[in-house]
Amino acid sequence: MSFTGSCHCGAISYTVDEDAPTKAMACNCSICRRKAPLHHFTTPDKFALHGSRDDVATYKFNHHVIGHHFCKTCGIAPFAEGTGPDGKAMVEINLRCADGVDLDALEITHYDGASH
Ligand SMILES: [Zn+2]
């Protein structure tokens with residue numbers, strides 16, 4: 001089974017070719033403490049973005065290894081793209097933007113991004 005997600009206005013939507021996650025990661029780094037995403041990580045081959053890249057704005061900071069994407073219209077950040085610790089391309093899914101995921105049922109792992 002795959003699962004889908006989107007920004008608030010619907011300009012950005014995607015399908016992830018895997019089962020809807022039951023776990024997520026919360027991070028306390030400078031951007032996550034403000035944006036509060038619930039992270040799930042996948043690989044580019046499982047990620048299909050629908051619509052146009054023109055609707056996606058990107059913010060980069062620090063080492064510039066992650067493109068923190070957000071919708072140009074509604075400002076919601078349903079995914080990010082970057083390079084994982086293993087040097088491979090990864091896609092971050094913000095599970096708060098995923099359809100059909102019970103956020104209260106997710107098993108949350110806390111990552112101390114503020115110290116990295
Ligand atoms: Zn939007």
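View 1. Glu81 is partly exposed, with a relative accessibility of 22%; here buried means under 20% relative accessible area, exposed over 50% and partly exposed in between, for a 1.4 Å probe and protein chains only. The model shown is predicted: local features need pLDDT of at least 70 and side-chain atom pairs count only at pLDDT 80 or more, while totals for chains, interfaces and linings use all residues. Residues are numbered from 1 along each chain as its sequence is written, and side-chain values use heavy atoms, with hydrogens and water left out. Glu81 forms a salt bridge with Arg53, and the closest N and O atoms are 2.9 Å apart. The term salt bridge stands for a side-chain nitrogen of Lys or Arg within 4 Å of a carboxyl oxygen of Asp or Glu. The structure holds one salt bridge. The pair links distant parts of the chain, 28 residues apart: Glu81 belongs to strand E8 (residues 79-83), and Arg53 to the loop between strand E5 (47-50) and strand E6 (56-59). Helices (H or I, at least four residues) and strands (E, at least two) are DSSP runs, numbered from the N terminus.

**View 2. Surroundings of Arg53.** Arg53 is partly exposed, at 44% relative accessible area. Leaving aside neighbours within four places in sequence, Arg53 is in contact with His69 and Glu81, where contact means heavy atoms within 4.5 Å. Between the C-alpha atoms of Arg53 and Cys71 the distance is 9.8 Å, and the two residues are 18 apart in sequence.

View 3. The ideal angle for four tetrahedral donors is 109.5 degrees. Cys7 is buried at 5% relative accessible area, whereas Cys9 is partly exposed at 42%.

**View 4. The aromatic cluster of Tyr14, Phe47 and Phe79.** These three residues form one aromatic cluster. Four aromatic pairs are found in the whole structure; rings of Phe, Tyr and Trp (its six-membered ring) pair if their centres lie within 6.5 Å, and planes under 30 degrees apart count as stacked, over 60 as edge-to-face and the rest as tilted. Tyr14 and Phe47 make a tilted pair, 5.3 Å centre to centre with 45° between the planes. This pair joins distant parts of the chain, Tyr14 in strand E2 and Phe47 in strand E5, 33 residues apart. Tyr14 is buried, with a relative accessible area of 1%, and Phe47 is buried at 11%. The ring centres of Tyr14 and Phe79 are 6.0 Å apart with the planes at 70°, so this pair is edge-to-face. Since Tyr14 lies in strand E2 and Phe79 in strand E8, the pair ties together parts 65 residues apart in sequence. Phe79 is buried, as is Tyr14.

**View 5. The nonpolar cores.** A nonpolar core is a set of buried Ala, Val, Leu, Ile, Met, Phe, Trp, Tyr and Cys residues joined through side-chain atoms within 4.5 Å. The largest has 19 residues, of which Tyr14, Phe47, Phe79, Ile93 and Leu95 touch the most other members. Strand E2 (13-16), strand E3 (23-27) and strand E9 (89-94) each supply at least two residues of this core. Another core, of five residues, lies apart from it and includes Met25, Cys27, Cys29 and Cys32. Beyond its neighbours within four places in sequence, Leu95 is in contact with Phe3, Pro21, Lys23, Ala24, Leu38, His40, Leu103 and Leu106.

View 6. Ala36, a residue other than glycine, has a positive phi near 55°. Ala36 is in the loop between helix H1 (32-35) and strand E4 (39-42), and is partly exposed at 36% relative accessibility. Asn62, likewise not a glycine, has a positive phi of about 55°. Asn62 lies in the loop between E6 and strand E7 (66-71) and is exposed, with a relative accessible area of 56%.
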